[in-house]
Amino acid sequence: MSFSLYIARRYTISRSKSTAVNIITRIAALGIFVSTAALFILMSGFSGLRDFSLSFANATDPDIKIAPLKGKSFVVSPQQEKDLKAMGDIAAYSGVAEERVLFYFDEKEQVAYLKGVDTLYTTVNGMNKKEVLIVGQWLQMHTGQAIVGAGIFTRLSLSLFNTQRALEVYVPKAGAGTIDRPEDGFNKEQLIVTGVYSVSDDVDNKYVFCSLDLAQNLLEYKPNQYTALEIKLKPGANEDIVRQKLNAIFNNSIDIKNRAQLNDSLYKMLNAENLVTYLFSSLVVVLTLFCLAGALIMLILDKRENIKTLHSLGAEVSTLRRIFFYQGMFITAIGTFLGLLVSTILIILQQQYSLFMITPTMAYPTTFTIQNVIIVLATIFVLGIFASWIASTRVNSELLEE
């Protein structure tokens, strides 16, 4: 152990003769402890809210979505289907046909997206889970059944399994020329609502799901014509390699997006909020560590005679400065690790026992991540090093000559 490190350790664990210096040092250590715990709890809480918000996107958006670069739809050839099934990184894929259409029920209208899905859609997205499909049952293929969002269900005053009063859907026909009668301009179909899903307000008012073949007939598509392919990747799959293979299969004529790209605005908003939260919390840490610098300066003044003695015995100014720099780092380390320990215990207790509730049935979400631990440690120690260095520079030739 070096001379500076040994003296710094002794100064840290021993009491000063000055009561004021002892109190200031304890306040600085307590401040580091509280600010570390607060920073980690805030970041863990925001990570929980972020994961909670993104869970809604996870319910409706696939790992990867393929759409045509030009036009609204594209045709998948038998060879392309064979190549997709042969890709080892793909767990499942589902073809969808989607279009913005008009829904009509009991003199009420609603414009939303009709989304035709196949039998593998729920494997890719999990829309039939009980947390998402809150009422009824998932639709059967090759039928006129439909699944609607809770917002659409409420706005149109729909009912389940009502064969007497069906939900009508109107899809504009493709082509040019004048339209003499309304029925000449639209393809029409009647849907029987068999289930209601709930994800978020936006999604609940956006989609009505039906059988893929029904949507293709309404849109006048071929059986192998889709607006998109939605893909679920196997665990550990390399997304970049999957993208290269998909572009090779479709001759670079497709647009490939992952879940983050499909929710680009949501991710940007959450990242911006996370950054603001971190900067605001770090400001409190900065103020606390300036208290540490003040405590070290008071300790230097209190130990002035000891410093002069050590200097007379041959200790250089740089060596004396390192003593108080190391002491600042010791205080920072003690406060930081105790703060992390206590805050981690609180986060685990919140996850296990729901100590704090948002609603009577929903606990405040928290997420413990190593990334947050690293960020907190880096923030506290970088600022601690800076504060300790500033304070240690108070040991100079002028102090030794006083």
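Just after helix H8, Glu220 takes a positive phi of about 60°.

Trainee: What kind of model is this, and how are residues numbered?

Mentor: It is a predicted model, in which local features need pLDDT of at least 70, side-chain atom pairs count only at pLDDT 80 or more, and totals for chains, interfaces and linings use all residues. Residues are numbered from 1 along each chain as its sequence is written, and side-chain values use heavy atoms, with hydrogens and water left out.

Trainee: How many residues of H8 are buried?

Mentor: Helices (H or I, at least four residues) and strands (E, at least two) are DSSP runs numbered from the N terminus. Buried means under 20% relative accessible area, exposed over 50%, and partly exposed in between (1.4 Å probe, protein chains only). In H8, residues 212-219, six of the eight are buried; among them are Leu212, Ala215 and Leu219.

Trainee: What covers the buried residues of H8?

Mentor: Contact means heavy atoms within 4.5 Å. The cover includes strands E3 (90-105), E8 (186-197) and E9 (207-211).

Trainee: Which strands does E6 join?

Mentor: Two strands pair if DSSP finds at least two bridges between them. Five bridges join E6 to E8, running parallel, and three join E6 to E9, running antiparallel.

Trainee: Are the faces of E6 covered or open?

Mentor: Both faces are covered: Gln145, Ile147 and Gly149 are buried on one side, Ala146 and Val148 on the other.
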